[in-house]
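The structure under discussion is shown below.

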Amino acid sequence: MTPSVPHLWQRLTWRSKSMALVVLLIAMIYLLIATFLYTSVRADLTSQVQTEIRHFTDSIASSAANPLLLKDAGQLAQLANSGNSLVSAVLIVDRSNTVVASTDLAQVGTQIPTAAARMLPRKYGYSAAIIAGNQRLGTVWLRSATPEIDRLIARKLEHTTSRLLILGISTAIIGLVGAYLVSLAITRPISRLMREMEAMQRQFGIRVEPQAAEADEYRDELHRLELAFRSLATRLREHLLELHKLNQRQQAMQCMVTIGQMSSQVAHEIRNALSSVRGAARYLVRYDDRDNREEFLQIIEEEVQRLYDMTQGFLDFGRSYDARVETQELCAFLQRCVQRHVTDFDARSIRVTLECNPGLLASFDASLLGQAISNLLLNACDAVPAQEGRILLRATALADSVEISVQDNGPGIPPAQWTEVFKPYVTSKTKGSGLGLAIVAKIMMVHEGSVELRQAQGYGACFVLTLPLAHSNRAEIINEG
């Protein structure tokens, strides 16, 4: 059974298809140009012949004036039978429509009726008035030799046709070369991509079904590339799903490791505190030392308070945060955060500077974000030197977010510890639970924001909180841009 044309077209390679399309396009352009040139040349030749016949008619009319005045029939007959191959008939009449000369001798001397005179323009086609001075003496009627004119035009068109044929052969050769180069330029990236896709299929272990492979033999490169891309996309989705499961498993394992580390740290701190309490309690039981009783009771109270604070911090870190986000004015909120700890700053003579543009809006939970900023401010307060401590609290609006930075002039944090400071129970202070920055990171997570430690200008530490920008601020920034 003979394959259909669409089936044969599908079996062609994309290079063959592109060559065929380019050749077809060039052929159509050539045919349009050749048709236009042939028609234009034919129209020009026809116009030249008609112009020549009009000039010949005018020439006969100007030459017939004197013979017509002199009644010279012989000279008029010579004018009527001039022998121009483009003319089939000539008729010269006077003012009374009497034929004074004609290529048909039978018409000479006859008078043309008025009705027949009206048909002369349609019968002859060309005419010219015979004028002497300001007087009209008659009219010259002339009929063209159509077959002879067609033969003349055909002979002249043969030269044009031969040129068009040479142009067609040259165009065909150039078109084939150009089509091959164009198809090569188009199909080379496709072929290279196809080879890479097949290599990726082999790398991922994708096997093509026999039925699909047999069907692909009747498809071009683009169709096979599409099928390869689909199969590769399917395998990538499977790998992504497996990767997601592995990531979840890794997160679970990391959570277990974190819980283990936290448990170890908590157990260590509880054991230290209980050891101090037990030592103080044994001393009080064994010895009735009234002089040192207050000191040991104070040790017991401090260690119990430390256990309470540690337990409370652990509960705060472990509880789930339900952020009630509202759009609020940020500068007034930051001013309240600073005012809340003004006694701590005044106790150590620490100067706190707030930089914020009035009217800056952000979306946040005031209670949670206030806790995060308080943790950062208190950490900075503990880090800076007394009397000379400086803390800078700054709010800056970006294209789609707001940054709140807390920078101090303390000793700073070594770069090697930057990735560890947000983990639970990681602290450089002698006193503290080590959960402050971990709680800050968790609060920013529920705000769909982030916290990071950046290189401070000069020295010290610079913690930056990033919050989503309120819609009104976003519109203002876009308009200003």
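Predicted model: local features only at pLDDT ≥ 70, side-chain atom pairs only at ≥ 80, totals over all residues.

Helix H13 spans residues 366–383 and helix H14 spans residues 436–446. The angle between them is about 150°, and their axes lie 9 Å apart. Angles over 145 degrees count as roughly antiparallel, and H13 and H14 are therefore roughly antiparallel to each other. The crossing of H13 past H14 is left-handed.

Helix H13 also packs with helix H11, which covers residues 330–340. Here the angle is about 50° and the axes are 10 Å apart. H11 is therefore oblique to H13. In this case the crossing is right-handed. From H11, the contact involves Phe 333, Leu 334, Cys 337, Val 338 and Arg 340; from H13, Ala 366, Leu 369, Gly 370, Ile 373, Ser 374 and Leu 377 take part. The residues of this contact of H11 with H13 divide into 8 nonpolar, 2 polar and 1 charged.

The two packing arrangements are set out in the table.

| Helix pair | Angle | Axis distance |
|---|---|---|
| H13 and H14 | about 150° | 9 Å |
| H11 and H13 | about 50° | 10 Å |

Turning to the strands, S1 (residues 87–94) pairs with S2 (residues 99–102) in the antiparallel sense, over 3 bridges. Within this pairing, Val 93 stands opposite Val 99 in S2. The hairpin of S1 and S2 has 4 residues between the strands, and Asn 97 in this hairpin adopts a positive phi near 60°.

Most residues other than glycine have a negative phi. Ser 349, a residue other than glycine, has a positive phi near 55°. Ser 349 is placed in the loop between helix H12 (342–347) and strand S6 (351–355). With a relative accessible area of 33%, Ser 349 is partly exposed.

Gln 387, likewise not a glycine, has a positive phi of about 70°. This residue is found in the loop between H13 and strand S8 (390–397). The relative accessibility of Gln 387 is 54%, and the cut-off for exposed is over 50%, so Gln 387 counts as exposed.

Notes:
Residues numbered from 1 in each chain as written. Heavy atoms only, no water. Axes fitted to C-alpha atoms, helices over the stretch in contact; angles between N-to-C directions. Helix = DSSP H or I, 4+ residues; strand = E, 2+ residues; numbered from the N terminus. Parallel < 35°, antiparallel > 145°, perpendicular 65-115°, else oblique. Left-handed = near helix turned anticlockwise from the far one by under 90°. Pairing = 2+ DSSP bridges. Buried < 20%, exposed > 50% of the residue type's maximum accessible area, 1.4 Å probe, protein only. Contact = heavy atoms within 4.5 Å. Nonpolar A, V, L, I, M, F, W, Y, C, P; charged D, E, K, R; others polar.
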